[in-house]
Amino acid sequence: MNILLPFRCLPAIVAAGLLSLTGGASAAGLRIVTSFYPIYLATLNVAGDIPGVEVINMTRPFTGCLHDYQMTPGDLVTLEKADIFVVNGAGMETFLDKAIGQVPRLKLIQASDGIPLLATAGVVNPHVWVSVTAHMQQVENIAAGLEQLDPDHAALYRKNAFAYLAKLDALRATMRAGLQNVKTRDIITFHEAFPYFAREFGLTVVAVIEREPGSEPNARELAQAITLVKKIGIKAIFAEPQYSAKAADAIARETGATVYRLDPVVTGPMTPDAYLIIMQANLQTLEQALGRQTTDAGHQTTECEANIEHPTPNYGISTSTIRNRHKKQEKISHGLNTD
Ligand SMILES: [Zn+2]
């Protein structure tokens with residue numbers, strides 16, 4: 001993956017034969033349904049202001065991650081009225097086979113297509129959007145998919161994507177500049193949501209206390225976490241606003257570490273700038289929690305430094321793994337470029 005420019009050649013993410021929307025569910029216009037909050041925000045920016053195009057989020061904005069989410073009868077009604085379903089992919093929507101089975105005419109856009117994926121113990125991590133760079137590629141994929149599925153509005157999708165990608169690019173530059181001189185780069189989190197984020201900004205996730213979100217660690221796991229925090233000298237541990245901070249508070253009491261909230265952008269206001277605002281808040285939290293270096297205070301990040309493309313890491317697992325698991329809805333075929 002190279003530098004992400006708004007007009008770079010985009011992968012053909014929609015299969016041939018899906019280009020016609022004739023027979024779509026909404027005769028009056030185009031109805032795009034998204035699976036959950038971060039994908040809704042991306043799609044809203046690309047398509048939200050186009051006359052005759054409607055963007056609807058299938059799940060509620062406080063649902064959070066879709067791990068083990070079961071579709072409701074209401075979700076099926078929403079999908080039956082949809083023309084296009086935009087999903088994160090990368091295994092986040094475990095109900096996707098069912099959705100496609102129930103509404104086979106749905107046109108699907110998988111936002112994570114072509115993005116190298118991280119895995120822990122062979123399990124693919126679907127929290128792709130938490131990296132600003134990967135989220136930019138998701139925005140590009142969504143725009144490219146909509147352009148192909150709805151060519152009448154292609155110029156508007158492209159224009160909107162260009163504008164939003166510029167905002168994300170500026171956000172990324174601000175975050176890189178803010179995080180490059182923090183005193184410590186080790187973080188402990190409570191849900192497997194931050195590996196992409198950490199990788200992007202050079203942070204190290206030394207432990208994830210609750211791999212299953214919302215699950216409480218048992219006494220042994222808690223004791224191990226406390227030992228680790230003491231051993232490494234971790235001063236800050238990061239809970240998420242979406243989940244209980246009970247375990248984090250317990251560890252903090254035993255170790256003297258401070259609990260902060262880091263937001264993986266899975267809940268929030270349904271407004272176009274929400275991703276940008278939440279990430280800015282994350283930056284402030286991290287700067288406060290990790291501390292600013294004072295020895296290098298005179299250094300200013302130049303525009304050039306801020307835009308240096310970090311090399312894409314070799315994650316050891318790719319979207320092809322997911323594709324094998326989701327062969328039924330796999331509509332596309334394009335090579336991964338993980339150089
Ligand atoms: Zn999650």
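Mentor: Start with Met58. Met58 is buried, because 27 other C-beta atoms lie within 10 Å. The term has cut-offs: 20 or more other C-beta atoms within 10 Å of a residue's own means buried, 12 or fewer means exposed, and in between is partly exposed, with C-beta atoms placed from the backbone.

Two notes on reading this. This is a predicted model, where local features need pLDDT of at least 70, side-chain atom pairs count only at pLDDT 80 or more, and totals for chains, interfaces and linings use all residues. Residues are numbered from 1 along each chain as its sequence is written.

Where does Met58 lie? Met58 sits in the loop between E2 and helix H2 (73-80). Helices (H or I, at least four residues) and strands (E, at least two) are DSSP runs, numbered from the N terminus.

Now its contacts. Leaving out residues up to four places away in sequence, Met58 touches Val33, Thr34, Ser35, Asp75, Thr78 and Leu79. Contact means that the C-beta atoms, placed from the backbone, lie within 7 Å. Thr72 is 14 residues from Met58 along the chain, and their C-alpha atoms are separated by 9.8 Å.

Next, the strands. Strand E1 (residues 30-34) is mostly covered, with four of its five residues buried. Five bridges join E1 to strand E2 (residues 53-57), and the two run parallel. Strands pair if DSSP finds at least two bridges between them.

Now the whole sheet. The sheet is open and has four strands, in the order E2-E1-E3-E4, with parallel pairing. E2 and strand E4 (107-110) stand at the edges with a single partner strand each, so one side of each has no neighbour in the sheet. On average, neighbouring strands of this sheet are turned by 20° against each other, direction ignored. At the E4 end, four bridges join strand E3 (residues 84-87) to E4, again parallel. There, Val86 has Ile109 in E4 as its bridge partner.

Last, the helices across the strands. H1 lies across E1, E2 and E3, at about 170° to E2. H4 lies across E3 and E4, at about 155° to E4. Axes here are lines fitted to C-alpha atoms, for helices over the stretch in contact, and angles run from 0 to 180 degrees between N-to-C directions.

Methods: Two residues are in contact if their C-beta atoms, placed from the backbone, lie within 7 Å.
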